[in-house]
Amino acid sequence: MQQLQITILTLGSRGDVQPYCALALGLQQAGYQVRIATHRNFESFVTQLGLEFAPIAGDIKELMNSEEGQKLLAGQRSKLISDELLLEQMQDGVKACQSTDVLIFTMLALWGYHIAEKLAVPSFFAATVPLSATRSFPLLQFAKATTNPILGVLNYASYLLVEFLMGQRSQQVINRFRQDLSLPPLPWLGTRYRRIVPPNLAALTLLYGFSTALVPKPIDWSEKEQITGFWFLDQAQNYTPPPALIEFINAGTPPLCIGFGSMPDHHAGELTQIVLQALEQAGQRGILLSGWANLGVAHSRSSWADQVFSIDAVPHDWLFPQVAAVVHHCGAGTTAAVCRAGIPSIGVPFFADQPAWAQRLANLGVSPEPIPRKQLSVKRLAVAMQQVVKDSEMRDRAAELGQRIRAEDGVAQAVKWIQRHL
């Protein structure tokens with residue numbers, strides 16, 4: 001019997017792409033051929049996992065470091081993806097989906113919807129943050145749950161409004177692409193208001209790769225919205241840490257880990273100084289993950305050597321169980337990894353869904369109140385560092401949350417649902 005070919009269209013940073021690689025490996029183990037279509041700069045990452053790769057235009061690091069990207073990080077309106085790049089990405093997506101039997105597309109590759117319509121194959125939408133319309137909370141503000149009926153109407157409307165505005169912004173290029181695919185143009189109000197929807201998209205299953213321990217399923221979501229649990233890519237067993245890192249970890253009490261993942265920061269020196277001085281005031285040691293923010297790259301004081309260890313990146317599932325807490329930007333992937341490790345967080349959100357994850361952790365009592373990047377100071381960070389180390393109740397709650405997360409198998413649940421709907 002011939003294996004079904006599944007293509008996953010996923011764009012964004014490493015944190016955006018990695019959960020879908022975990023899902024792909026789960027599908028591969030279940031007997032499917034799986035192809036990851038994403039930015040070319042992730043080709044080696046994907047292929048080293050034993051997955052097939054297909055390139056999609058655009059380098060997210062360059063885009064986030066661009067003027068438009070910095071506007072986005074600053075909370076301003078920005079069009080990160082130009083119409084020209086969007087069209088190129090969609091055309092690459094068509095090439096990537098040749099011979100595909102099943103298609104999975106994500107939020108940053110939402111145009112996969114049109115390719116799925118053209119191919120008329122079983123399709124799934126997958127995401128690591130809640131995006132389906134609900135009365136429970138506004139779009140990307142899932143830490144603000146309510147049962148107030150008036151607020152519920154406003155919450156639901158927030159999804160429709162953003163969907164409409166996004167559709168209007170790209171409507172011309174989308175309909176041009178659909179014309180190239182010999183598909184009819186979408187109505188002015190958008191996809192939701194189509195009179196005739198293809199069968200493979202009318203009953204679209206939405207797979208959510210996060211845990212109900214962090215975001216309970218809204219009561220007005222239907223059976224087609226499935227929250228499976230987080231999709232973790234386990235890398236610890238294949239990681240060989242530098243001896244100097246092991247020596248640093250074992251040289252004293254568990255250090256704090258500080259890193260902001262794929263968030264570029266044009267004030268890296270200033271950010272590094274805030275972190276170093278906060279560690280000094282809190283009397284803590286720290287492991288700095290430089291990432292795209294270049295954290296720790298600029299520090300030169302030799303006196304920091306006993307207190308701070310800098311490294312570009314370390315697999316979270318190897319490092320986090322060995323540290324006392326993590327200071328992070330609260331991206332979905334990092335948030336999941338910290339929760340699974342059963343340790344407290346200090347949230348320093350930048351934009352998008354990060355403030356919601358940061359506030360959700362605080363609401364659960366496993367983190368102090370978030371410190372937005374714009375409001376980050378030595379004093380606020382030092383106080384938070386002391387709190388996560390000394391607050392035994394917070395640490396106990398984090399440990400309990402970790403046990404619950406580790407008991408879940410999000411990838412297995414997602415594979416189960418995909419198999420059920422094929």
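A residue is called buried when its relative accessible area is under 20%, exposed when it is over 50%, and partly exposed in between, with a 1.4 Å probe and protein chains only. The structure is a predicted model, in which local features need pLDDT of at least 70 and side-chain atom pairs count only at pLDDT 80 or more, while totals for chains, interfaces and linings use all residues. Residues are numbered from 1 along each chain as its sequence is written, and side-chain values use heavy atoms, with hydrogens and water left out.

Salt bridges were counted first. A salt bridge is a side-chain nitrogen of Lys or Arg within 4 Å of a carboxyl oxygen of Asp or Glu. Under this rule there are eight salt bridges. Helices (H or I, at least four residues) and strands (E, at least two) are DSSP runs, numbered from the N terminus.

Through shared partners, E117, R178 and R194 are joined by salt bridges into one network.

The strands were examined next. Two strands pair if DSSP finds at least two bridges between them. Strand β6 (residues 205-208) is paired in the parallel sense with strand β5 (residues 123-127) over four bridges, and in the parallel sense with strand β7 (residues 225-227) over three bridges. L206 of β6 is the bridge partner of F125, and L206 also stands opposite E225 in β7. In a regular strand, side chains alternate between the two faces of the sheet. In β6, T205 and L207 point one way, L206 and Y208 point the other way, and all are buried.

Nonpolar packing was then considered. A nonpolar core is a set of buried Ala, Val, Leu, Ile, Met, Phe, Trp, Tyr and Cys residues joined through side-chain atoms within 4.5 Å. The largest core has 57 residues, and L9, W111, L214 and W357 have the most contacts inside it. Apart from this core lies another of 39 residues, among them M64, L73, L271 and A293. Contact means heavy atoms within 4.5 Å. Leaving out residues up to four places away in sequence, L214 touches F230, T335, C339, W357, R360, L361, L364, L401 and I405.

Cysteines were checked last. A disulfide is a pair of cysteine sulfur atoms within 2.5 Å, and the structure holds zero disulfides. For C257, the nearest cysteine sulfur is that of C330, 13 Å away. The sulfur of C330 is 8.9 Å from the closest cysteine sulfur, in C339, which is too far for a bond. C257 is buried, with a relative accessible area of 1%, and C330 is buried, with 0%.
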